[in-house]
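The paragraphs below go through their contacts in turn.

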Amino acid sequence: MKLSRRSLLATTTAAVAAGAAPAAAASGPAAQGGGRGLRTGFERLAADGYALLDGRRVGVVTNPTGITREARHIVDVMHADDRVALTAVFGPEHGFRGTAQAGGSEGRHDDPATGLPVYDTYLKSGQALADVFTASGVDTVVFDIQDVGARFYTYIWTLFDCMEAAALAGKRFVVLDRPNPVTGRAALGPVLHKEFATFVGRQPISQAHGMTVAELALLFNGEFLTAPVPLETVRMSGWRRSDFHDASGLPWVPPSPNMPTPETALVYAGTCLFEGTNLSEGRGTTRPFELLGAEGIDGRWAEGANALGLAGVRFREAYFAPTFSKFQGRTIGGVQLHVHDREAFDPVRTGIGLLITAKRSWSGFAWRADHWIDKLTGSARVRTMIDAGADTDEVVAGWQEELAAFRRMRREYLLYR
């Protein structure tokens, strides 16, 4: 079943009535975006006295990024407010309080700070996750997690799985919106082919989607969920699609242990592709996804990458010793990315260029044996084209038709200018 654009927008009526007016209706400084003018979905919900949650038993899907601009966690704020019947928390990968590394979660426990039961959603989907929502006793599931704008960042698939499970369990679903920290200007990169679907890509969206979580929720409900969930979104005010994170005035909380800064998020949609190779993607350093390398790489890689003339970025020959993950405790060579013009920078094209030049400059280059690169890029095309000797322009040209189709679909669900 698919919903029309008119039907989807109708699902936000209650949120609009609760003070989350469409961005187009804003005026004055807030409408210009950024800094003190921006209000997140949670801020607008709270400012309206939580009217949207009145009389509901509420559970929140969140992690350490679900904070106010005063750096208080929304669970702590809501738990202390008698106007909200907050009865459960649902933790994704890395956990609600963020104690677990990549590929881990906190499990079922009671939160020491609030006493609330915390349920683990990681690697649960479908009826198994619906059963978790049913067991919690909530009737409304609220989602508030900071995304970073890349298809393979798993929180958007936690969103998808929770929406699907809420529909199965007969729960209402509310998404509190936050900014896309790398802007919402454009969708970039290859679109996932359904036969390559995994938890790093459930549905056919582009590698860098250029959307907020509320926009993605509307798209998921309208295009991909077999049974759409009763969905309401609380939009931001004062956010423009051209805004980077530093325009928001919000504190940056690492959404996961290897996403320490907004600069990491800026490059991640491209350099995360090195997870699909035998090179280090910089995990175990203070600059994950900005530092890339392996034993045996020297300055020729940086020279080759700079020779591509990629917009907005330069590459420095770099040496580093990861404290964990690939090459733990060993000094390796590679490159560091230095983005000098973030407006012009294209992370996905850059990631492809780096893969090509790494393979050409280092004889030890290899894809992971499980072809994880295909899951990250969404098909076998990028890997097979690079292996066949294609250059950056040829690889990028290979996905333009499917990207154009996704951009047309995406346009129907955008909430902000």
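**Aromatic contacts**

One aromatic cluster is formed by Phe152, Tyr153, Tyr155, Tyr268 and Phe289. The model is predicted, so that local features need pLDDT of at least 70 and side-chain atom pairs count only at pLDDT 80 or more, whereas totals for chains, interfaces and linings use all residues. Residues are numbered from 1 along each chain as its sequence is written, and side-chain values use heavy atoms, with hydrogens and water left out.

Across the whole structure, 15 aromatic pairs are found. Rings of Phe, Tyr and Trp (its six-membered ring) pair if their centres lie within 6.5 Å; planes under 30 degrees apart count as stacked, over 60 as edge-to-face and the rest as tilted. Tyr122 and Phe199 form a tilted pair, with 6.0 Å centre to centre and 55° between the planes. This pair links distant parts of the chain, 77 residues apart: Tyr122 belongs to the loop between β4 (117–120) and α5 (126–136), and Phe199 to the loop between β7 (188–191) and β8 (206–208). Helices (H or I, at least four residues) and strands (E, at least two) are DSSP runs, numbered from the N terminus.

Trp157 and Phe160 form an edge-to-face pair, at 6.1 Å centre to centre and 70° between the planes. Both lie in helix α6 (residues 155–169), three residues apart, about one turn of the helix.

Charged groups also meet rings. The charged end of Arg108 sits over the ring of Tyr119, 4.8 Å from its centre, and that of Arg342 sits over the ring of Phe244, 4.1 Å from its centre. Such a placement requires NZ of Lys or CZ of Arg within 6 Å of the ring centre and within 35 degrees of the ring normal.
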